[in-house]
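I opened this structure to go through it piece by piece and write down what I looked up. The entries follow in the order I made them.

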Amino acid sequence: MKETPLSNCERRFLLRAIEEKKRLDGRQTYDYRNIKISFGTDYGCCIVELGKTRVLGQVSCELVSPKLNRATEGILFFNLELSQMAAPAFEPGRQSDLLVKLNRLLERCLRNSKCIDTESLCVVAGEKVWQIRVDLHLLNHDGNIIDAASIAAIVALCHFRRPDVSVQGDEVTLYAPEERDPVPLSIHHMPICVSFAFFQQGTYLLVDPNEREERVMDGLLVIAMNKHREICTIQSSGGIMLLKDQVSASVNVRQERGSAL
């Protein structure tokens with residue numbers, strides 16, 4: 001089912017409001033929507049609400065054989081799903097361009113930035129390592145999926161505990177939570193994405209666009225940073241040319257908003 005397109009009146013109204021530095025939900029240009037995080041009964045389960053956008057994060061693990069070229073490193077896997085429950089426009093069982101882009105961005109933000117110590121996930125070099133799988137489910141879509149998903153992923157990873165193991169000779173023993181306390185993951189830093197929507201060919205800039213603002217924007221800039229002010233990834237989409245000053249201004253805003261997050 002295709003999403004209902006905005007009428008010309010709605011489009012003009014939204015763009016006129018943005019030119020006057022007004023937003024439909026009453027926020028200022030650089031204001032972020034309220035974030036609410038709730039945890040499930042299991043380790044590694046959380047729900048992140050960014051305004052009306054809701055993402056469920058669930059972390060699981062299993063012992064597997066390592067990759068041939070990474071014999072002493074565990075495996076980190078991310079999977080984001082967009083269901084029709086979140087928005088009628090999402091088609092079940094189909095890898096849309098948006099879904100592929102979001103999954104790649106999550107991998108660059110969290111796996112390629114080495115936020116998790118994958119060497120600490122090694123049990124027996126070349127034979128047994130932990131595979132950590134992060135499943136993210138979009139429950140409701142009201143814009144800015146990537147920010148909500150990145151927060152849900154890193155929060156779920158921080159909350160997760162894996163079973164303790166011991167190695168004696170060739171035997172690997174897995175302990176239940178009643179026998180030994182589960183072990184938290186070794187996390188180096190916490191990269192979080194902040195999205196910037198550009199309008200009128202980059203003339204106007206908004207932080208954390210909602211669903212209607214995304215439908216009239218010209219381009220999107222996503223910046224992932226940690227509390228050490230290190231840029232973990234940066235991606236621009238939409239085909240507009242951004243000036244160096246615009247990117248620098250976005251990075252400065254990201255530093256201010258990111259410290260609060």
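**Entry: the hairpin of β13 and β14.** I began with the hairpin of β13 and β14, which has 5 residues between its strands. The model is a predicted one. Within this hairpin R229 takes a positive phi near 65 degrees. I noted the value because R229 is not a glycine, and most residues other than glycine have a negative phi. R229 sits in the loop between β13 and β14. Is R229 buried or exposed? I found R229 exposed, with a relative accessible area of 58%.

I then looked at the two strands themselves. Strand β13 covers residues 219–225 and strand β14 residues 231–237. They run antiparallel, and 6 bridges join them.

Entry: As a reminder to myself, strands of a sheet pair through backbone hydrogen bonds.

**Entry: strand β11.** I counted bridges on both sides of β11. There are 7 bridges from β11 to β13 and 4 bridges from β11 to β12; β11 runs antiparallel to β13 and also to β12. For C193 I found the bridge partner A224 in β13. For F196 the bridge partner is V207 in β12.

How many of the residues of β11 are buried? I got 8 of 8, and the strand is mostly covered. Both of its faces are covered. On one side I noted I192, V194, F196 and F198, and on the other C193, S195, A197 and F199, all of them buried.

The hairpin of β11 and β12 has 4 residues between the strands. In that hairpin Q200 takes a positive phi near 50 degrees.

Entry: I followed the chain past β12 and stopped at D208, which lies in the loop between β12 and α4. D208 has a positive phi near 55 degrees and is a residue other than glycine. D208 counts as buried because its relative accessibility is 0%, and the cut-off for buried is under 20%.

E213 belongs to helix α4 (residues 211–216). E213 is buried too, with a relative accessible area of 3%. What does E213 contact, leaving aside neighbours within four places in sequence? I wrote down R23, R27, F199, L206 and D208.

**Entry: S250.** S250 is in helix α5. I put S250 down as buried, since its relative accessibility is 0% and the cut-off is under 20%. Not counting residues up to four places away in sequence, S250 touches F196, F198, L205, L221 and I223. I also took the distance from S250 to I231, which are 19 residues apart along the chain: their C-alpha atoms are separated by 12 Å.

**Entry: P92.** I turned to the loop between β4 (75–82) and α2, where P92 is found. P92 is exposed, because its relative accessible area is 59% and exposed means over 50%. P92 and L82 are 10 residues apart in sequence, and their C-alpha atoms are 7.6 Å apart in space.

**Entry: rings.** I searched for aromatic pairs and the structure holds 0 of them. I did find a charge over a ring: R180 lies over the face of Y175, at 4.0 Å from the ring centre.

**Entry: confidence.** Where in the chain is confidence lowest, and where is it highest? I found the lowest in helix α5 (residues 244–260), at a mean of 68. The highest is in strand β2 (residues 45–50), at 96. The chain averages a pLDDT of 87, and 93% of the residues score at least 70.

Note on methods:
Residues numbered from 1 in each chain as written. Predicted model: local features only at pLDDT ≥ 70, side-chain atom pairs only at ≥ 80, totals over all residues. Heavy atoms only, no water. Phe/Tyr/Trp six-rings, centres within 6.5 Å; stacked < 30°, edge-to-face > 60°. Lys NZ or Arg CZ within 6 Å of the ring centre and 35° of its normal. Pairing = 2+ DSSP bridges. pLDDT = per-residue confidence, 0-100. Buried < 20%, exposed > 50% of the residue type's maximum accessible area, 1.4 Å probe, protein only. Contact = heavy atoms within 4.5 Å.
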